[in-house]
Amino acid sequence: MLYGGPAPKVPGSVVLDLHRMDKVLEVSDKFAYAVVEPGVTFGDLYEHCAANKLKVWPSTASLGWGSIIGNVSIPSSDSLESGETLFDTETP
């Protein structure tokens, strides 16, 4: 799982802290997407949309601190114990 703090699980691992890369680079009302740096939180994106009176409203975690990049990376890299990906639709 990719949830949790920045504690490496394997000896010799490197932790790369990207939290200061916190800029919202682009938000498209027309196509409903955002281009953000890795340190942008859901709260940051929400505040950017509100301040710029955008029509698109991002879903915000209850505390607003969750990482957007962290959330989008989980489905692409995480798997279930049995080896299926999160998007497998067939049942065993």
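**Figure 1. Surroundings of Leu54 in the predicted model.** Apart from neighbours within four places in sequence, Leu54 is in contact with Val27, Asp29, His48 and Cys49; contact means heavy atoms within 4.5 Å. The model is predicted: local features need pLDDT of at least 70 and side-chain atom pairs count only at pLDDT 80 or more, while totals for chains, interfaces and linings use all residues. Residues are numbered from 1 along each chain as its sequence is written, and side-chain values use heavy atoms, with hydrogens and water left out. Leu54 sits in the loop between H1 and H2; helices (H or I, at least four residues) and strands (E, at least two) are DSSP runs, numbered from the N terminus. With a relative accessibility of 17%, Leu54 counts as buried; the classes are buried under 20% relative accessible area, exposed over 50% and partly exposed in between (1.4 Å probe, protein chains only). Between Leu54 and Val27 there are 27 residues of sequence separation and a C-alpha to C-alpha distance of 8.4 Å.

**Figure 2. The largest nonpolar core.** Leu54 and Val27 both belong to this core, together with Val24, Val36, Val40, Phe42, Leu45, Cys49 and Ile68, 9 residues in all. A nonpolar core is a set of buried Ala, Val, Leu, Ile, Met, Phe, Trp, Tyr and Cys residues joined through side-chain atoms within 4.5 Å. S1 and H1 each supply at least two of the core residues, and H1 gives the most, with 3 residues. In the protein as a whole, 21% of the 92 residues are buried.

**Figure 3. The two faces of helix H1.** H1 covers residues 42–51, and its buried residues are Phe42, Gly43, Leu45 and Cys49. Viewed down the axis of H1, the buried residues fall within an arc of 165°, so they line one face of the helix; the arc is that of the directions from the helix axis to the C-beta atoms. Glu47 and Ala51 are exposed on the face of H1 turned away from its buried side.

Figure 4. Strands S1 (residues 24–28) and S2 (residues 33–36) run antiparallel and are joined by 4 bridges; two strands pair if DSSP finds at least two bridges between them. Glu26 stands opposite Val35 of S2. The hairpin has 4 residues between its strands, and Ala32 in the turn takes a positive phi of about 55°.

**Figure 5. The aromatic pair.** The structure holds 1 aromatic pair. The ring centres of Tyr46 and Trp57 are 5.2 Å apart and the planes are at 50°, so the pair is tilted. Rings of Phe, Tyr and Trp (its six-membered ring) pair if their centres lie within 6.5 Å; planes under 30 degrees apart count as stacked, over 60 as edge-to-face and the rest as tilted. Tyr46 is in helix H1 and Trp57 in the loop between H1 and helix H2 (68–77), so the pair ties together parts that are 11 residues apart in sequence. Tyr46 is partly exposed at 38% relative accessible area, and Trp57 is partly exposed at 48%.

**Figure 6. Confidence along the chain.** The average pLDDT, the predictor's confidence in each residue from 0 to 100, is 74, and 62% of the residues score at least 70. Among the elements, S1 has the highest mean pLDDT (96) and H2 the lowest (61). Residues 76–80 have pLDDT below 50, and over residues 85–89 pLDDT stays under 50. Where pLDDT is low, the predicted coordinates should not be read in detail.
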